[in-house]
Amino acid sequence: MLGINYFTTFIGLIEVLIVLLPMLLGVAFMTIIERKQLAAHQRRIGPTDVGIYGVLQPFADALKLILKETVIPSQANKVLFYLSPVVTLIFSLLGWGIIPFGQGLVISDFSMGILYTLTLSSLGVYGILFSGWSANSKYAFLGSLRSSAAMISYELVLSSAILIIIILTGSFNFTKIIEHQQSVWFIIPLLPVFIFYFISILAETSRTPFDLQEAESELVAGFFTEHSSVPFVFFFLAEYSSIVLFSSITAILFLGGYNLPEIFINNSIINLQAIVLGLKTCIFCFMFVLFRATLPRLRYDALIELCWIYLLPFAIALLIFIPSLFLAFDITPY
């Protein structure tokens, strides 16, 4: 029995590595994709020297950062200073454990997958708070406070959008949500929901125009101003891992995940299912960079006002209106 337990644990570790290693490579290449896309928007070339068309630039950047000296402020809380980037990265990586890459291709097909994802998203605030507080720096502390306020505000809007999908499907499981979209993707009937959902995940991942906690014109670099070398790499990986993760979740919630309409593809081919999910994820990753290239940064008060005065009442109205439609027409969605 002990040998069987060891073997099961070993197989579980192999499954985790099979998911995490390609995902970390994807995060690395997401940085070069962003730099190339921003260069195209600004009529520049972007990185070209390291590797063919600059594709090895992320590895050169990682090597440069790892070889730098780690500088710690003299008044910093050293335990929290090192713990905060680790906590932020771990919470951003744990979300991949329940993402279905194909039929049966998931580490854990958790029945409460959406609650698990929202919990991890909320707990990620602690890493940012710890980083600003432990550094004993005005800029870092202001950045962490801004980040916490923005995340708490937009958690409500994000949760309201996801709750509408839960009402439609009657499930918290990502695989069940994908199966409910075999006839029509949710982005078609729920386009207004998708719009305020995507605005909220831009704020959730601290991307332009909601990157006030990292506003270099005001706060140098925000909550990780005092972090360098490997701790900075952890924050960097956590940010881009969250972008790719939320892009995957968006593809699952609104574009049918790994499924395509049967007229285009045979959904029983598992290898193609993972490719389909990857392509849909790339669409939303492109949209993240597109918004960064085209939109200016909002003022802090405008960010909070947009959430509490405009988006949240609209989200609550849709949350009441859509179930009322089902009740009025005696429709059972599941």
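## Close-up views of an all-helix predicted model

**View 1. Met-151 and its contacts.** Beyond neighbours within four places in sequence, Met-151 is in contact (heavy atoms within 4.5 Å) with Val-125, Ile-128, Glu-204 and Ser-206. The model is predicted: local features need pLDDT of at least 70, side-chain atom pairs count only at pLDDT 80 or more, and totals for chains, interfaces and linings use all residues. Residues are numbered from 1 along each chain as its sequence is written, and side-chain values use heavy atoms, leaving out hydrogens and water. Met-151 sits in helix α5 (residues 138–169). Helices (H or I, at least four residues) and strands (E, at least two) are DSSP runs, numbered from the N terminus. Met-151 is buried, at 6% relative accessible area. Buried means under 20% relative accessible area, exposed over 50%, and partly exposed in between (1.4 Å probe, protein chains only). Ile-201 is 50 residues from Met-151 along the chain, and their C-alpha atoms are separated by 9.4 Å.

**View 2. The whole chain.** The protein has eleven helices and zero strands. Its pattern along the sequence is α-α-α-α-α-α-α-α-α-α-α. Of its 334 residues, 47% count as buried. Among contacts with a separation of 6 or more, 77% come from residues 24 or more positions apart.

**View 3. Thr-205 in a loop.** Thr-205 lies between α7 (191–204) and α8 (216–219). Thr-205 counts as buried, at 5% relative accessibility. Its side chain reaches the backbone oxygen of Leu-202 at 3.4 Å. That is a polar contact by definition: a pair of N or O atoms within 3.5 Å; within protein, one must be able to donate a hydrogen and the other to accept it, and residues adjacent in sequence count only if both atoms are side-chain atoms. Setting aside neighbours within four places in sequence, Thr-205 is in contact with Glu-239, Ser-242, Ile-243, Phe-246 and Phe-288.

**View 4. Aromatic rings.** The structure holds 14 aromatic pairs. Rings of Phe, Tyr and Trp (its six-membered ring) pair if their centres lie within 6.5 Å; planes under 30 degrees apart count as stacked, over 60 as edge-to-face and the rest as tilted. Phe-29 and Phe-59 form an edge-to-face pair, 5.8 Å centre to centre with 80 degrees between the planes. Phe-29 lies in helix α1 (residues 2–41) and Phe-59 in helix α2 (residues 57–67), so this pair ties together parts 30 residues apart in sequence. Phe-29 is partly exposed at 32%, and Phe-59 is partly exposed at 39%. The ring centres of Phe-110 and Tyr-116 are 6.1 Å apart and their planes are at 90 degrees, so this pair is edge-to-face. Phe-110 is partly exposed at 37% relative accessibility, and Tyr-116 is partly exposed at 25%. One aromatic cluster is formed by Phe-194, Tyr-197, Phe-198, Phe-254, Phe-284, Phe-288 and Phe-291.

**View 5. The largest nonpolar core.** A nonpolar core is a set of buried Ala, Val, Leu, Ile, Met, Phe, Trp, Tyr and Cys residues joined through side-chain atoms within 4.5 Å. The largest has 65 residues, of which Val-193, Phe-196, Tyr-197, Leu-253 and Phe-254 touch the most other members. Helix α9 (residues 229–254) supplies the largest share of this core, eleven residues. Not counting residues up to four places away in sequence, Val-193 touches Ala-161, Ile-164, Phe-254, Leu-318 and Ile-322.

**View 6. The largest pocket.** Its volume is about 710 Å³. On a 1 Å grid over the protein atoms alone, a pocket is an open set of points where a 1.4 Å probe fits, with protein on both sides within 12 Å along at least five of seven lines; lining residues have an atom within 4 Å of a point. The lining holds 27 residues, and Pro-22, Met-23, Trp-96, Phe-101 and Gly-278 lie nearest the pocket centre. α1, α9 and α10 (270–294) each supply at least two lining residues. α1 gives the most, with eleven.

**View 7. Cys-282 in helix α10.** Cys-282 is placed in helix α10. Cys-282 is partly exposed, with a relative accessible area of 48%. Met-30 is 252 residues from Cys-282 in sequence, yet the two are 9.3 Å apart in space, C-alpha to C-alpha.

**View 8. Arg-43 and its phi.** Arg-43 is found in the loop between α1 and α2. Arg-43 is not a glycine, but has a positive phi of about 60 degrees. Most residues other than glycine have a negative phi. Arg-43 counts as exposed, at 81% relative accessibility.

Notes. Grid points are joined across faces, edges and corners, and a volume is the space filled by probe spheres set on the points.
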